[in-house]
Amino acid sequence: MPVEMSQARFEELVADALDQVPAEFAAAMDNVVVLVEEFNEEAPDILGLYHGIALTERTSHYSGALPDRISIYREPILDICDTEDDVVEEVLITVMHELGHHFGIDDERLHELGWG
């Protein structure tokens with residue numbers, strides 16, 4: 001049974017997950033925003049998505065670009081969780097996974113690191 005949770009509480013969990021990013025990584029994040037969205041219309045089952053150019057791939061042509069976006073999708077996360085504790089854990093994993101893409105880490109390596 002999916003967990004019911006207000007938008008405000010879900011956003012709070014995303015903020016809490018961002019607070020757990022180690023300081024050296026938080027300081028290195030550049031030109032990226034994290035947004036909560038209900039779901040991805042093109043792929044409604046995905047939990048999150050990084051839209052942008054990873055730090056490892058940016059060149060001088062990147063200057064002046066709009067911020068990259070990390071979307072965390074509320075409905076699919078709530079749909080796969082049974083308890084609020086499950087949501088807390090899944091939000092943390094999803095946020096860290098998408099931040100990993102911002103830093104240029106691919107899915108295979110993220111899974112190896114436990115952020116899959």
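Val 21 lies in the loop that runs between helix H1 and helix H2 (23–28), where helices (H or I, at least four residues) and strands (E, at least two) are DSSP runs numbered from the N terminus. This is a predicted model, in which local features need pLDDT of at least 70 and side-chain atom pairs count only at pLDDT 80 or more, while totals for chains, interfaces and linings use all residues. Residues are numbered from 1 along each chain as its sequence is written, and side-chain values use heavy atoms, with hydrogens and water left out.

- Val 21 counts as buried because its relative accessibility is 10%, and the cut-offs are under 20% relative accessible area for buried, over 50% for exposed, and in between for partly exposed (1.4 Å probe, protein chains only).
- When residues up to four places away in sequence are not counted, Val 21 touches Ala 26, Met 96 and Leu 99, and such a contact means heavy atoms within 4.5 Å.
- Val 21 and Leu 66 are 45 residues apart in sequence, and their C-alpha atoms are 23 Å apart in space.
- Val 21 is also one of the residues that line the largest pocket, and the lining includes Pro 22, Phe 25, Met 96, Leu 99 and Trp 115.
- On a 1 Å grid over the protein atoms alone, a pocket is an open set of points with protein on both sides within 12 Å along at least five of seven lines, and its lining residues have an atom within 4 Å of a point.
- The volume of the largest pocket is about 220 Å³, a volume being the space filled by probe spheres set on the grid points, which are joined across faces, edges and corners.
- H4 gives the largest share of this pocket's lining, namely three residues.
- The lining has ten nonpolar residues, one polar residue and no charged residues, where Ala, Val, Leu, Ile, Met, Phe, Trp, Tyr, Cys and Pro count as nonpolar, Asp, Glu, Lys and Arg as charged, and the others, Gly among them, as polar.

**The largest nonpolar core**

- The largest nonpolar core has 20 residues, and those with the most contacts inside it are Met 5, Phe 10, Ile 72, Ile 77, Val 87, Val 91 and Val 95.
- The elements that give two or more residues to this core are helix H1 (7–19), strand E3 (68–73), helix H3 (74–80) and H4, and the largest share, six residues, comes from H4.
- A nonpolar core is a set of buried Ala, Val, Leu, Ile, Met, Phe, Trp, Tyr and Cys residues joined through side-chain atoms within 4.5 Å.
- Leaving aside neighbours within four places in sequence, the contacts of Ile 72 include Phe 10, Val 14, Leu 47, Ile 77, Thr 94 and Val 95.

**Two residues of helix H4**

- Thr 94 lies in helix H4 and counts as buried, because its relative accessibility is 4%.
- The side chain of Thr 94 reaches the backbone oxygen of Glu 90 at 2.8 Å, and, apart from neighbours within four places in sequence, Thr 94 is in contact with Leu 47, Gly 48, Ile 72 and Ile 77.
- His 102 also has its place in helix H4 (residues 84–102), and it is buried because its relative accessibility is 0%.
- The side chains of His 102 and Tyr 50 are joined by a polar contact of 3.2 Å, which is a pair of N or O atoms within 3.5 Å; within protein, one must be able to donate a hydrogen and the other to accept it, and residues adjacent in sequence count only if both atoms are side-chain atoms.
- The side chain of His 102 also reaches the backbone nitrogen of Asp 30, at 3.3 Å.

**Partly exposed positions**

- Ile 53 lies in the loop between strand E2 (48–51) and E3 and counts as partly exposed because its relative accessibility is 38%.
- Ile 53 and His 102 are 49 residues apart in sequence, yet 7.2 Å apart in space, C-alpha to C-alpha.
- Pro 2, in the segment before H1, is partly exposed because its relative accessible area is 44%.
- Asn 31 has its place in the loop between H2 and strand E1 (32–37), and it has a positive phi of about 55° although it is not a glycine.
- Most residues other than glycine have a negative phi.

How values were computed. 1 Å grid on protein atoms, 1.4 Å probe; cavity = no way out; pocket = protein on both sides within 12 Å on 5 of 7 lines; lining within 4 Å.
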